[in-house]
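Let's take a look around a structure together. Have the sequence and the 3D view ready.

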Amino acid sequence: MSTTQSERLRELLEPLVTSQGLDLEEIAVDSVGRKRVLRVVVDSDTGADLDQIADVSRALSAKLDETDAMGAGEYTLEVGTPGAERSLTERRHYVRATDRLVKFQLHEGGELVARILAVDDDGLDLEVPGVKGRKATARRIAFGDIDKARVQVEFNRKANDNSDNTDMKEEEEA
């Protein structure tokens, strides 16, 4: 998707998403054979349930139908939430990932897997899990020290399960 089209779609759709109490996280247009798929990813601090996804999907579909933002030809609109292993790129993403296990790529090199305990304007307070019976340790990391961060899927976590509504989709033909 061209930057211009992406910017136009964001300008058109973001106010509608915001009016539904959600954040517009991502827009992507992909070609699948002869058809195009417009994928819109939304989220909020409390997650998004299926009713919210359906409501925002209907609002976006109606807005797209009244404009030429997608040009001529058929396309499919998919609205969903970020996946379970979402990338963290904004401060609000880190806040939403509090209590989750995250894999960090650091500017200084190397990787760190740790649980986010707290987020402030400067960085993160983390708990680095102990290895081979050792106790977990605390660590502070500044946002500027992070190259990439991605939430990790945990299957065996016993305490404080913060599951979210990931990968929900509402599809509509445009």
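## Before we start

This is a predicted model, where local features need pLDDT of at least 70, side-chain atom pairs count only at pLDDT 80 or more, and totals for chains, interfaces and linings use all residues. Residues are numbered from 1 along each chain as its sequence is written, and side-chain values use heavy atoms, leaving out hydrogens and water.

## The open sheet

Start with the 5 strands that form an open sheet, in the order β7-β6-β5-β4-β8, with antiparallel pairing. β7 (137-142) and β8 (146-151) are at the edges with a single partner strand each, so one side of each has no neighbour in the sheet. Strands here are DSSP runs (E, at least two residues), helices are runs of H or I with at least four, and both are numbered from the N terminus. Two strands pair if DSSP finds at least two bridges between them.

Now zoom in on β4 (residues 101-106), which pairs with β8 in the antiparallel sense over 5 bridges. In this part of the sheet, Gln-105 stands opposite Lys-148 in β8.

## Helix α2

Helix α2 covers residues 50-65. Its N-terminal end is capped by Asp-49, with a side-chain oxygen 3.1 Å from the backbone nitrogen of Asp-51.

Quite a few α2 residues are buried, including Ile-53, Val-56, Leu-60 and Leu-64. Buried means under 20% relative accessible area, exposed over 50%, and partly exposed in between (1.4 Å probe, protein chains only).

## Two nonpolar cores

A nonpolar core is a set of buried Ala, Val, Leu, Ile, Met, Phe, Trp, Tyr and Cys residues joined through side-chain atoms within 4.5 Å. The largest one has 20 residues, and Leu-38, Val-40 and Leu-64 touch the most other members. At least two residues each come from α1 (3-19), β1 (23-32), β2 (35-43), α2 and β3 (75-80). The largest share, 4 residues, is from α2.

Apart from this core lies another, of 17 residues, among them Val-102, Ala-114, Val-119 and Ile-146.

## Asp-43, a buried residue

Where does Asp-43 sit? Its place is in strand β2, and Asp-43 is buried, with a relative accessible area of 5%.

The side chain of Asp-43 makes a polar contact with the side chain of Arg-86 (3.0 Å). A polar contact is a pair of N or O atoms within 3.5 Å; within protein, one must be able to donate a hydrogen and the other to accept it, and residues adjacent in sequence count only if both atoms are side-chain atoms.

Terms used:
Expected span 1.5 Å × (residues − 1).
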